[in-house]
Structures are given as structure tokens and as C-alpha cells.
Amino acid sequence: MKLLTVTLLLLSLSNAFAAPVPQELSPADIQRLGERMYRDGILPNGEVMKAFVSDDVPVDGTAFTCVSCHLRSGLGSVEGEVVTTPTNGRILYEERKSFIKGSEFVPSISNYAKYLPVRPAYTDETLATLIAAGVDPTGRSVLKVMPRYELEDRDMAIMIAYLKTLSDELPPGVSEKEIKFATVIVEGTDPVAVESMVLPLQFSVDRKNSLAKAAKSNDRVARMGYNMLGDLHSYTFTLSRWVLKGTSDTWRAQLEAYYAKEPVFALLGGISPGTWEPVHRFCEEHRLPSLFPIVDEPVISASDWYTQYLSRGIRLEGESAARYLHGMVDLIKGRAIVQVSRDSRRGRALADGFRTIWTETGHPPVIDITLPAGEPLTVEKLRQIVVKDRPAVLVVWDDASLIKALSGLVEQADRPSMIIASGTFLGEALWTVPESLRAALYLTYPYRLPEDEKRFDISARKVLAGKNPNKYDSVIIRQAYIAQEVLGQALMMMRGEYYRDFLLDTIGMMEDMHYPLYERVSFGPGQRYASKGCFIVQVGKGDKPQLEKRSEWVIQ
Amino acid sequence: MRNKATLHILLLLGMLTLPAFAEDVKDPEGEIAYVINDYRYAPAETGDDPDSGHALCGTRCNALSIDYLNYLMVGGWELRKVATNREFTVPLDNPFLKGNCICTADEYLVKVITRNSTKPPAGN
Amino acid sequence: MIIPLIRALVLLAVATLVFAVVAAAAEPERYKRSVEQYTMPDVVLINQDGEKVRFKKLLESEQPVVVDFIYGTCTTICPILSAGYANLQRKLGTDTTKVRLVSITIDPEYDTPAILKEYLARYQAKPGWDFLTGSRRDIDRVMNAFDAYFRDKMDHKPLTFIRSPKDGKWIRLYGLLSGIDFLDEYKKAGFTVTPGLSTKAAVPN
């Protein structure tokens, strides 16, 4: 029955579709309505798009739609054994040959053309037939993975017009020979941190540029470079520093001015001791990718697109603590959990992360106590809490000064059975936790453990060659190292299609990576926080203690 | 880098499982690493909740497991299997539940690969 | 950023493999089927409601069980597998819980219970369809138990498993099945669907 409908549709479409783009719609309308079909599966009239997939399985556009497979840039995806071909007008309206001329030897996925059936260029009519009936201009019925969409002529015309706008003209910041980047530096950031962030980025840009230069004068280098990188080998990169001054409400204007003067393809790295929100917003609005700014407090959003962060920042530690505790909640049997947090950026982010996950996992709120900024945490203060609420678990988000207060508490009879604190908030002081406190104290630790990290030193050493490592921040060096690695990998995978959305799509298709610093970083379409892990550790015995894992990297 | 890529190829060519070298590795130097295969809870007293114990032992034992891609993907390191399904007992170490965990693990010796240079080629 | 030649060659190898299979899949060949005996690990996973699930117990059930491996942000394969699950649930009529549909994430890094829940809602999943996450090590063991180890989520393959409570054997299906094929396989495993009710259940909720 359904097959019959599809067949009839095919028959009627193959000779009848010629609907022009509706006159009354402006290009902006087309863009908006087309985008809604392509990304949200909603028709211009507000109804849900309908399709059949795998022959006879009906699906709603709200479950998945074009963007799920062809991705936001329209340049397609590869997953396991399934290749989703590009669906942007520029490529569709071009003949697909058995290879892409000039790239016969380029070992990138641009070679996919070799393994896909050839087809002539689409026309509006044949494209409509493909979308509605899954039959390409050669008469081939394409894989059943590609759904068959029931679209009215008018909607089909809007869809096709929209496909023509996808990944069409090269974005600002990219020319035939050069790709421009900038890194945003918020004034007031510790200069050591800034230098540590910039060093790996500049290292990588310089190295790339020297290859491009060498390739110009040396054919053998050029050939090798070409074989490795395709056309990317001859590109040079630029990296500007955009310094933001004054209060954060003035950053927007500064960013606009920088961007007007030098439109870049993407922001790379970047650093701020506090908020990043204005830069994040700026990137969303200009559709400007921003890769791995080094910030404690990234903007948390499930739908924003343009900023790829290293992790959810310090709040991830609070979230992980809540998940860890959730795993033993049945045993706590309703006894109190108290969260004490410093009224500072970090303290608030940690407490909020904990609270959010704790509530999300279905538990009643914990007892929340805020420590005013500047007021030291004392044993007396903790004793009061213990006497009053008799908590089974005490979560304390504060800096190194909490060690002294907690040590005083250990001798207390009714002390909490478990104390949780942040390893990064404690900083180096975590190595000074006294023996008496170690059994009760659980720490969040969002990095690979030090003894394992030594296997990853090579990469940091490469960047630091000839420099004094003590003058740099070892965490930030590694973070910026990751930024340039991911960018390099992605540009290579992009096979010459240097479009902004495709950069993010490409990163979304990368495998999990085992870089320095984080046990694992992972990507995925729309995923924007690369490192998802945070160990719960305890400090081991002895004078030179090691950290002992009490959880896996990711706690669910 | 090059080693990492080589390993990558090996992985792709189907060596997805860890190399199972001879059981009797003579050279004992190097660190021991575990890949956890199973876990069980051994309650201390009869009243201890076996389901919670099982779940917590999962966390406790799995925490001792390495993510072996973290060794194979770096380059310059090698994992040699020295024992299969070895059982060992660790205290649950949880303030809310007594008892032990029995973890079952494959045991590996982590070694620096000396056959090839681990240094990246010059200029890379 | 200079990627060694060898790494590039890997990409080529991947491309070759990938596209060879695609070319084959373009033929009418549909899916591969086998009957297997698997031993399930006794691990604790977590479902879309954040509840702990004793995995072995869940699967060794008196009810028919179907298992697949997906993840929240996956592109092509998961939509197809999940549309198949949703379709089966529609065909089952009012009592969707008589078949246990289990999806297991292969991206436990990202897939929190909240993500699982949101995913199920997108497919209008009804009671009886659970989506599980958990410790990476435990999920590795589950994948191994099904002889379906994916080193990386980007190596994902379309696999569906159907367990018959009669003998505890698993039908292993490799490929992207049509709705009819899926129902046929399901019936071959000895189960029935109640056609009379299916239209009623198909009314969107």
C-alpha cells in the first residue's frame, strides 16, 4: 500500500515536478522555511514532515530529518559502513565522476567518489524525484537509508532552493591560499597562562607555514605535502591576537571592530580568567567557529553550535560528584547531605553543577550553605554544621584553606562518613592532605592521573623544545596543544571544503582521542564539551602519595 | 606520532583485541595494568545489601581498569598480557557498606617499546 | 598539524573499506542472519530514568527481547534502527511491554540518562523500550558478549539481536532491515504481533 503510494508519487513526480520557488517568498523566508524542514523536520505550514525509510517504516521529521545524516553543512557524513553523500546544491548540480580530478592520490575521503556510482548533474526535477522517491538521475534506487519524503510541490521547491544555499560560497577568512585565525585574550589573564595558551598554537601555525613555504621551492616536498594533505599543503595560516579590554559589556563592540577589520575563518584557543559569554554569543551570531577557549566557565547549552569547548569546565566536577553519590544513595538512607560552597565564581559553578545533577537524578535538595567571599572556613563553622545537621556526606567547594578546617573535623565523633571536595580547586595543596584526613576525603579530578600522564609527555615536550618548562602552565600548554591537534585533524578531513559549519560537522565525526591531559576526549554531531570525564580519587598513603581512583573516568 | 599511526593501522587490520603474548613473560620490569572482566560482591555481614554491593563493586573494580586505548593509541608503549582472568580481592572502601569486592582481570605488563624509536621524526 | 603520510594512508584504508561495503550494499542484498549462543555479563547498567538495571536479569527474561547498539548523537545508523523499534512498538498494539526492546549506548561518555530519555521521546518510545548507559568498561563487556565490539562509535555497525525465551538463543541480524523484514524475523523467533490493534496504537500521542 505504502509502496504503491511511493511508486505513484514517483511516477507523478518524474514528469510533473517543475514548481518554481514561490514568488511571494523572500530569500530570507526561503532560508528560514527551508532550514526548518532541513534541521527540525517541520513543514512550512507547521506540520511534521513525513517520510518512509527502509522501504516501509514511517518516520516523523521530528525523530530525525536531513540534518541528522547530511549534517548541518550538507556535506554529508560517514558512520561505520554508511556514507551519506553531500546534499548541497553546488555538489548536486555537478556531475559525479568516478574520481575527483586532481585528487587521485589524495588519501582522503574525497576519494569516496571512486566508490560511489557515477551520476549526471541533478536538475530541479531529478532532485525532486530523488527526495520523494529515492531514485537518482541514472534510475538507480539509492540506499533505503535515505528516507523518501512526501513533500508538496511548493515545499519541495523551498527545500531545493534551501539546498542550493548550503556550503555554497567560501566563508570569510578563507582564500585560495590562506586561512585566517584569531585567538581572543581577555586582558587581566595571568601572562604565564596567556603565553602557555599561545605557544602551541603559534608553534603549529609556524610549522604549517614553513611546510607551505618549503613546498613552493622544493618539488619533492610539495609532492609529499600534497600526498599527505591534499591542497591544504600549500595553504598558509595566520593567527591574530584579539585582546579584549575593560569590562565584559564592552567586549562585544571590540570583537565587532576586530572582526570588521580582519574577518577570520575561526577563533582558535582563547583565554579568560572569568566569563566567556560575550565571545560565545558573538560567535553564535556571526556563525564563527571557536575551538577550545580555555575557560573555567564555558557557556552551557544543548543547542548552541559554534563554540567547541574542552569540557563543561569546573562545574563538571560538581556534576561528577553528584553522579558518584547517586550510585550509593540507597545506602545513605535519607541521612542529610550538606553542600558548603564558597561564594566565588568557582564555588558557585561547582555547587550549581552538583545541585543540578542531584535534582535531575530525582533526589530532594541537599542542605546548601554558602561561605561569603573572604570569610575563612573554620573548624568551628564545620562543627556547627555537623552538630546541627549530622550529615552523612559533606560536600565542600573551597580552596586549599579547607584542608586545615577539615583536618580539625576528623577527630570529631559524629563527623560525616564521606567528605567530597574539588581536586582542581585545591590545586597543588591536594598533595598536602594529612594522612588522618585521607580515608574520609574524596576528590574530584578531571584530568588523567599524573603517573599515567607521563606517557603523554612527548607532545608537550615537542612544543616546549628549547624553552624552560617552568615558565609555562603545564595544563594550559596541553589544552592549547589539543586545540591545534583537533584543528589540524579536522582541516585534513575536510578535503578542501573549508566551510564553517563543515568544520564543526567534521569535528563531530572524529573518533575519540587520547591526547595529553584528559583520559579521553570525544566528539559527536552537536556535542560541544570534548572531555566528559572526572575521576573520583582518594589520596593514597605515605609521604609521596599517589592518587587512587575510586571511579572510572566517566560516571553515569 | 608515527607510532601512533602504525598502531592505528594495526588496529584497523583487525587486531582489535589486545595482543595475547606468551603467559610466561620473563622480564618482570614495567608496570602492571588491569583490564577488568568481572566483579562480585562479598558481603561482610548477612544484612549487607547484595544489589548495592554488586553495583558498587562494579564501580570499585572498574576504577582499577585501564582504558587500554590510552596505551595503544599513544605510541611507544606496549601491553603484554601476563595473566588471564586473575581474581583478586579489594576492600569495597565505602563508608556506607562493608565487605569486599572480588575483581577478575586480565593482567598486562606495560612496557616501553624499545624496538622502534619513540621519538617523533625530526621536523615533525 | 602535519599529519604523517602513514596516518593519511590509514584514512585511505578506511575509505576503501567503507566504500567497498557501500558499493555492495547498493545491491539488493539486504542483511545477514545467524543464530548464536551468547553469555551475558552480570553488569549493572543505568536506564533512561537513572535507575540501575541488572543487565543479565533484564535480558534473561520470559519475554522476547530485542537488543541493538545505538547512541544519542549518531547520524545514519541509529535513526534507522530506532525507527524500526518504534515501528515494531506500533505494530504491537496497546501492550507494548510484552516485548522488551533494549537499546544500549556505545557512547557512554556523552549519553547520560537525560540524553537517553530525550532520545526516546523523539522516537515516541512507549513503555517496553529501554535505553541503557553505564560504565564504559561494562559496556565494552556487553558489546563483547554480543561479539559486537566497536572500538569507536564511528565504527558503528547496524546489528540487531532477538532472543527467544524458549531456548535462550539469539538471532543476530546484520544490516539495516526493512520494517517487514524486522517483523518477519521477529515472528520467526516465535512471537506474534496483534495486527488488529496496531492502527489504534499508531495514533500519535
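## How chain A meets its neighbours

In this predicted model, 26 residues of chain B are in contact with 30 residues of chain A.

**Chain B against chain A**

Together, chain B and chain A bury about 2400 Å², and carbon and sulfur atoms account for 56% of it.

Three salt bridges are counted between chain B and chain A. One of the pairs that form a salt bridge is A:Arg520 with B:Asp67, whose closest N and O atoms are 3.0 Å apart.

Where on chain B do the touching residues sit? Helix H1 (2-12), helix H2 (50-62) and helix H3 (69-72) of chain B each give at least two residues to the side that touches chain A. Of the contributions to this side, the largest share comes from H2(B), with five residues. Sorted by class, the side of chain B that touches chain A holds 12 nonpolar, nine polar and five charged residues.

**Chain A against chain C**

Now turn to chain C. Here 62 residues of chain A are in contact with 63 residues of chain C. The area buried between chain A and chain C is about 5600 Å², and 60% of that comes from carbon and sulfur atoms.

The rule finds four salt bridges across this interface. In one salt bridge, the side chains of A:Asp512 and C:Lys153 meet at 3.4 Å, N to O. There are also 20 residue pairs in polar contact across the interface of chain A and chain C, both residues being at pLDDT 80 or more. Helix H21 (residues 474-493) of chain A provides the largest share of the side of chain A that touches chain C, namely five residues. By class, that side of chain A has 30 nonpolar, 18 polar and 14 charged residues.

| Residue pair | N to O distance |
|---|---|
| A:Arg520 and B:Asp67 | 3.0 Å |
| A:Asp512 and C:Lys153 | 3.4 Å |

**A helix inside chain A**

Is helix H12 of chain A buried or exposed? Of its 12 residues, 12 are buried, so H12(A) is largely enclosed by the rest of the structure. Among these buried residues are A:Arg315, A:Glu317, A:Tyr324 and A:His326.

You can check the length of this helix as well. At 1.5 Å a residue, the 12 residues of helix H12 (residues 315-326) of chain A should span 16 Å, and the end C-alpha atoms are 17 Å apart, which agrees.

**A serine in chain C**

Our last stop is C:Ser34, which lies in strand S1 (residues 32-36) of chain C. Its relative accessibility is 24%, so C:Ser34 counts as partly exposed, since that class lies between 20% and 50%. What does C:Ser34 touch, leaving out residues up to four places away in sequence? The residues are C:Trp170, C:Ile171 and C:Arg172. C:Ser34 and C:Ser164 are 130 residues apart along the chain, and their C-alpha atoms are separated by 13 Å.

Key. Residues are numbered from 1 along each chain as its sequence is written. Chains are lettered from A and ligands numbered from 1 in the order in which they are written. This is a predicted model: local features need pLDDT of at least 70, side-chain atom pairs count only at pLDDT 80 or more; totals for chains, interfaces and linings use all residues. Side-chain values use heavy atoms; hydrogens and water are left out. Contact means heavy atoms within 4.5 Å. Buried area is the accessible area (1.4 Å probe) that two parts lose on being put together, summed over both. A polar contact is a pair of N or O atoms within 3.5 Å; within protein, one must be able to donate a hydrogen and the other to accept it, and residues adjacent in sequence count only if both atoms are side-chain atoms. Helices (H or I, at least four residues) and strands (E, at least two) are DSSP runs, numbered from the N terminus. Ala, Val, Leu, Ile, Met, Phe, Trp, Tyr, Cys and Pro count as nonpolar, Asp, Glu, Lys and Arg as charged, and the others, Gly among them, as polar. The expected span of a helix is 1.5 Å times one less than its number of residues. Buried means under 20% relative accessible area, exposed over 50%, partly exposed in between (1.4 Å probe, protein chains only).
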